[in-house]
Amino acid sequence: MASIPVQAEPRASVERDAPASRHRVGPVILAVEHVSLRFGGVKAISDVSFEVREHEVLAIIGPNGAGKSSMLNVINGVYQPQQGAIRFRDRTFDLMTPHRAASMGIARTFQNLALFKGMTVVDNIMTGRNLRMKAGILAQALRVGPAEREEIRHREAVERIIDFLEIQAHRKTPVGRLPYGLQKRVDLGRALASEPDVLLLDEPMAGMNVEEKQDMCRFVLDVNEQYGTTIVLIEHDMSVVMDISDRVVVLDYGRKISDGTPDQVRHDKAVIDAYLGTTH
Amino acid sequence: MSIPRYAPVAILGLLLAAGLVAPLATGETAPGFWVEVLIGGLMTGVLYSLVALGFVLIFKASGVFNFAQGAMVLFAALAVARLAERMPVWAAVLATVAIMVVLAFIVERIVLRPLVNQEGVVLLMATLGITFFLNGFGQAVWGSDIYEINLGIPREPMMVLGKVFDGGVLVNRDDIAAALAAVLLVGALALFFRHTATGRALRAVADDHQAAQSIGIPLNRIWVIVWSVAGIVAIVGGVIWGGKLGVQFSISQVALKALPVVILGGFESVPGAIVGGLIIGVGEKMAEVFLAPPLVKAFDLAGGGIENWFAYVLALLFLLVRPEGLFGERRIDRV
Amino acid sequence: MFFRENGQFKSTYRADMQLLPIVQDRYFMLGLIAVALVAVPFVATDYLFLSIINPFLILTLAAIGLNLLVGYCGQISIGHAAFMAWGAYAAYNLVQRVPMLNFLVVLVLAGLIAALVGMFFGIPSLRIKGLYLAVATLAAQFFTDWIFARVKWFTNYAHSGSVSTAPVTLFGWTLDTPRDKYLFLLGVLIVFTLIAKNLTRGHLGRAWMATRDMDVAAEVIGIRPVYAKLTAFGVSSFYCGVAGALWGFLQLGSWEPLAFDLNLSFSLLFMIIIGGMGSILGSYLGAAFIVVLPIALNQVPRKMGMPLSTAMASNVEFMIFGSLIVLFLVLEPHGLARLWAIGKEKLRLWPFPH
C-alpha cells in the first residue's frame with residue numbers, strides 16, 4: 001500500500017476521469033454467498049449473493065428497509081446469518097465475527113457514527129490502530145521504552161490520517177463537540193487507521209450539504225486511488241452513486257434485484273419499477 | 001445438532017427441582033417438616049414479591065430501575081408505625097399514602113425530570129442517592145429504634161393439615177394475611193392496568209415514551225402516578241414486613257433481595273415478580289435448612305448463613321442462561 | 001495570566017503525550033509532592049494521620065481501582081469492597097503461612113489473588129450489562145462476606161472470622177507510627193497512580209473507553225470485549241486488593257468480614273460519582289470528600305454549639321450523601337474533577353473574561 005503524502009491533495013472537484021484511468025480492478029476479493037438473515041419473524045435478507053472485486057468501488061442501493069445496513073453487518077460479523085457464507089480472498093466463512101473481519105482487513109463506518117464520545121479525535125482514530133499495538137499490560141503500566149516507542153509510531157500513522165482528512169485543528173477536541181460533518185470524517189479516519197483492504201461505508205454522505213458531500217467523495221476516491229482500498233458503500237444520493245461507483249447492487253425487501261454497472265442498473269426495468277430516485 | 005435455546009434454563013430448573021425434593025428422597029426428613037419449610041419459604045417469597053412489584057411497576061412505566069424501593073418500604077413502614085401511635089391504624093395508613101404521593105411528586109420533579117435522557121446506569125445511581133437520602137431522612141424524622149405495627153392479627157401459629165401429615169403443619173397467621181394481601185394487590189393492579197384510562201396510559205408509556213407523548217399523554221404526571229402507586233405497594237410491603245419483623249433499618253437491606261427476584265422474573269413482568277419471589281423464597285429457605293447442615297459438616301464451616309447469598313448466586317446463574325428472566329422479553333441491539 | 005500555555009510548543013509526539021504537558025502543571029505537581037513528602041510529616045498530628053490522611057490515601061487507591069472499571073471501562077460494580085476483602089485476607093494468610101516474604105511481595109501477591117477473583121466475578125459482564133451486571137456484582141459481595149465468616153481456613157480458625165496483624169516491617173524499617181505508615185502509603189499511592197495514568201494513556205485504556213462508549217463499534221474495530229472487560233476487572237480488583245491489604249494491616253490492625261461490607265462498596269461508588277468517573281484526579285477528590293465529611297459533620301455542629309447525637313449525625317450524613325449524589329448526577333455528572341477542570345479553564349483566561 002502506498003503511504004499517504006504529508007501534504008493533502010489540492011482541492012479537486014467531484015467530476016473525475018473515466019474509470020479506465022483509475023486503479024486496475026483486480027480479482028474477486030469478497031463474495032457474499034446465498035446469505036439469508038432473519039430477526040424473529042422478520043426476514044431482513046433473502047438469499048443474496050454478489051461479488052466485490054479488488055480495488056473497485058461497489059455501491060449498494062435500495063429503498064429504506066431493504067436490508068442494506070444489515071448486509072454490511074453480516075459482512076463484518078455483527079450479525080450472524082441463518083444461511084449463507086462470506087468468502088474473503090480464498091477462504092469461506094460460515095461464521096464471521098467482528099474480530100475476525102477486523103483482523104483480516106475489513107473496516108467500516110456507521111450510519112449513526114458510533115464514535116467514542118468520551119474521547120478526543122486523536123484517541124478515536126488511535127483505537128483503530130488497536131489490532132496492531134502489541135505491548136503487554138506490564139509494559140504499558142510502566143511505559144518502558146518499547147511501549148512508548150510503539151505509541152509514538154502509531155501516533156505518527158494517525159497524524160498522517162488526520163492530515164489527509166484535514167482535521168488537524170480539531171485533534172484534541174472531544175468528538176462529541178464537533179459538528180456532524182467533521183464527526184463523519186473522524187469515523188472515516190478511525191476506519192482508515194486499521195489500513196484495511198476492504199472499507200464498508202454505511203451512508204457516508206448522509207445529512208451533509210453539497211460542499212461536505214464533495215469533500216467526502218474526494219476522500220473516498222483518494223482512499224481508493226492512493227491505497228487501492230476496495231470500497232463497498234451504501235448511499236442514497238443517486239448522483240454520487242452514478243458518479244463514483246464501478247458497479248451497483250440493488251436490494252429491495254431483502255432481495256437482490258439488480259447487479260451491474262451504473263448505466264446498466266439505471267436502465268434495468270426491475271430497478272425502475274422498485275425504486276429509482278431522481279438525480280438531484 | 002444445535003442445542004435448543006431453552007436447554008440451559010431447563011437444566012437449571014431440573015437441578016433446582018432435584019434439590020427441592022432431595023431431602024424427601026433421602027428419607028431423613030419428615031414430610032410434614034418439609035411442607036412446613038416449603039410453606040415458610042413461600043411466605044417469605046410473597047414478601048419479596050411485594051417489594052419486587054414496586055420495582056416492576058416503576059420500570060415498566062419509566063424504564064427507571066428503582067434501587068430505592070427498599071428504602072421506600074422502610075420509610076412507609078416507619079411512617080405507619082409512628083403515626084399509628086397517635087391514631088388508628090387505618091388513619092395512619094391513609095396519611096402515609098398522602099406522604100408517599102408527596103414523595104412521588106418531589107422525586108419526579110427533582111430527580112426524574114432533569115435526568116430524563118440519561119442512560120440507565122445514571123438513573124440507577126440517582127436512585128441509589130434517593131435510597132441514602134430516604135434512609136437518613138426517615139430515621140431522622142421518625143427515629144431509629146425498632147417499632148411495632150399492630151394489625152390485630154393473632155400471633156400464635158395455626159396448625160393445618162393435621163390429618164394429612166403426622167403432627168400437622170405450623171403456619172403463621174400473618175403469613176397467610178400477607179399472601180392474601182399480595183393476591184388482592186396483584187388483582188387490583190391487574191384491574192387498574194386493564195380497565196382504567198390511567199392504566200392504559202401507563203402501559204403506553206411503558207412501551208414507548210415518545211409515542212405516548214406524541215398522543216398527548218403527559219409524561220410527568222404519569223411518572224408521579226407510577227411512583228405513587230409504587231409507594232402504595234411499598235406501604236403494603238412495609239406494613240406486612242414491619243408487622244412480622246418489627247420496623248427497623250435492616251428491612252431496607254432485606255429488600256435488596258428483591259433484586260434477584262426481578263432478575264428471575266423479568267424486569268417488566270408482574271407475574272414474573274410473583275413467581276420469581278416464590279422461587280427465591282423457597283430456594284433460600286430450603287437451602288438454609290437442608291443444604292447448609294451437610295455443607296457445614298463437610299467443610300467444617302462456622303455455621304450456615306447460605307441464605308445471605310443464595311438468592312444472588314441463583315440470579316447470577318439465571319443471568320448467564322436466561323438474562324431476560326422467565327417472563328421477560330429478549331432485547332435485540334440494532335447497530 | 002499565570003496559567004497560560006502560550007509559547008509552550010511541542011515538537012515531538014513524546015512531548016505531546018507526556019503526563020503533564022503544561023509547565024505550570026509540572027511545577028504545581030512537584031510542589032505538591034514536595035509538600036507531601038517534606039512538610040506534612042512534620043506538621044501533621046498523629047490524629048490527622050490516623051483519621052484523615054492515611055484513610056484518604058488507602059481509599060484513594062481503592063477508588064482509582066473502582067474508577068478504572070466503572071469510569072473508564074463502563075462496567076458497573078456495586079460490590080467492589082469484596083475484592084478489598086480478598087486482598088486483606090490473602091495478605092493475612094500469606095503473612096501467617098509464609099512469614100519470610102517481604103511485605104511488598106505480599107502486597108503484590110494479595111493483589112494478584114484479588115485480581116483473579118475479580119476476573120472470575122467479572123465473567124458475567126461478558127453477557128450482561130447495566131443494572132443486571134450490578135445485581136451480579138452483589139453476588140460477589142455477599143458471597144465474599146459469607147466465605148470469610150464461615151470458611152475457617154481463611155481466618156486461621158479464629159473466632160467469628162476476625163483476625164489481627166502485627167506491625168509491618170519492611171527492610172528493617174518498622175511501620176508502627178502513623179507517620180511511618182503515611183510515608184509508606186504515600187509512596188505506594190504515587191507509584192500506583194503513575195501506573196493507572198500510564199494504562200489509561202495506552203491502548204488498553206483506549207480499549208476500555210471504547211468498550212464503555214460504544215461496545216459494538218469497539219468490537220468492529222477489533223477490540224475483543226472479553227479482553228477489555230476482564231482486564232478491567234482484573235486491574236481494578238488488583239488495586240482494590242492491595243488497598244484492602246493496606247487497609248487491614250496499616251489502618252485497622254485487626255478486622256472481621258464486616259469491615260468490607262456493602263456499605264464500603266457504596267462508599268467507594270460514591271467517591272467516584274462525586275469525584276468524577278473516568279478521572280484519576282476524581283478518585284482523589286471523591287475519597288477526600290468521603291473521608292472528611294463525617295468528621296466535618298461531627299466537628300462543625302459541635303463548634304457551633306449544637307452537637308449532633310451519633311445517630312443523628314449518621315442520619316444527616318446519609319441525607320447529605322444522597323442529596324449530593326443526585327445533585328452531582330443532575331448538575332455535573334463528571335463530578336468534582338470536571339469542576340476542577342472548569343476552574344482551570346477559567347484560570348487559563350484570567351484575568352480576561354473570555
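This is a predicted model: local features need pLDDT of at least 70, side-chain atom pairs count only at pLDDT 80 or more; totals for chains, interfaces and linings use all residues.

Me: Which residues touch the most other members of the largest nonpolar core?

Reply: That core holds 289 residues. It draws at least three residues from each of domain 1 (1–13 + 22–105 + 197–280) and domain 2 (117–195) of chain A. The residues touching the most other members are B:Ala77, B:Val80, B:Val226, B:Ala315, C:Ala62, C:Tyr239 and C:Ile325.

Me: And what does B:Val80 touch, not counting residues up to four places away in sequence?

Reply: Contact here means C-beta atoms within 7 Å. With those sequence neighbours left out, B:Val80 touches B:Ala92, B:Val93, B:Thr96, B:Ile149, B:Ile235, B:Gly238 and B:Val239.

Me: Why is helix H11 of chain C described as largely enclosed by the rest of the structure?

Reply: H11(C) covers residues 262–275, and among its buried residues are C:Leu268, C:Phe270 and C:Ile273. A residue counts as buried with 20 or more other C-beta atoms within 10 Å of its own. The helix is largely enclosed because the buried share is ten of the 14 residues.

Me: How far does H11 of chain C reach from its first C-alpha to its last?

Reply: At 1.5 Å a residue, 20 Å is expected for its 14 residues. The model comes out close to that, at 20 Å.

Me: How many residues of the side of chain C that touches chain B are nonpolar?

Reply: On this side, 37 residues of chain C are in contact with 43 residues of chain B. Helix H6 (130–150) and helix H13 (310–331) of chain C each give two or more residues to it. Four of the residues on the chain C side are polar and five are charged, and the nonpolar ones number 28.

Notes. Residues are numbered from 1 along each chain as its sequence is written. Chains are lettered from A and ligands numbered from 1 in the order in which they are written. A nonpolar core is a set of buried Ala, Val, Leu, Ile, Met, Phe, Trp, Tyr and Cys residues joined through C-beta atoms within 7 Å. A residue is buried if 20 or more other C-beta atoms lie within 10 Å of its own, exposed if 12 or fewer, and partly exposed in between; C-beta atoms are placed from the backbone. Domain bounds come from an automatic or database domain assignment. Two residues are in contact if their C-beta atoms, placed from the backbone, lie within 7 Å. Helices (H or I, at least four residues) and strands (E, at least two) are DSSP runs, numbered from the N terminus. The expected span of a helix is 1.5 Å times one less than its number of residues. Ala, Val, Leu, Ile, Met, Phe, Trp, Tyr, Cys and Pro count as nonpolar, Asp, Glu, Lys and Arg as charged, and the others, Gly among them, as polar.
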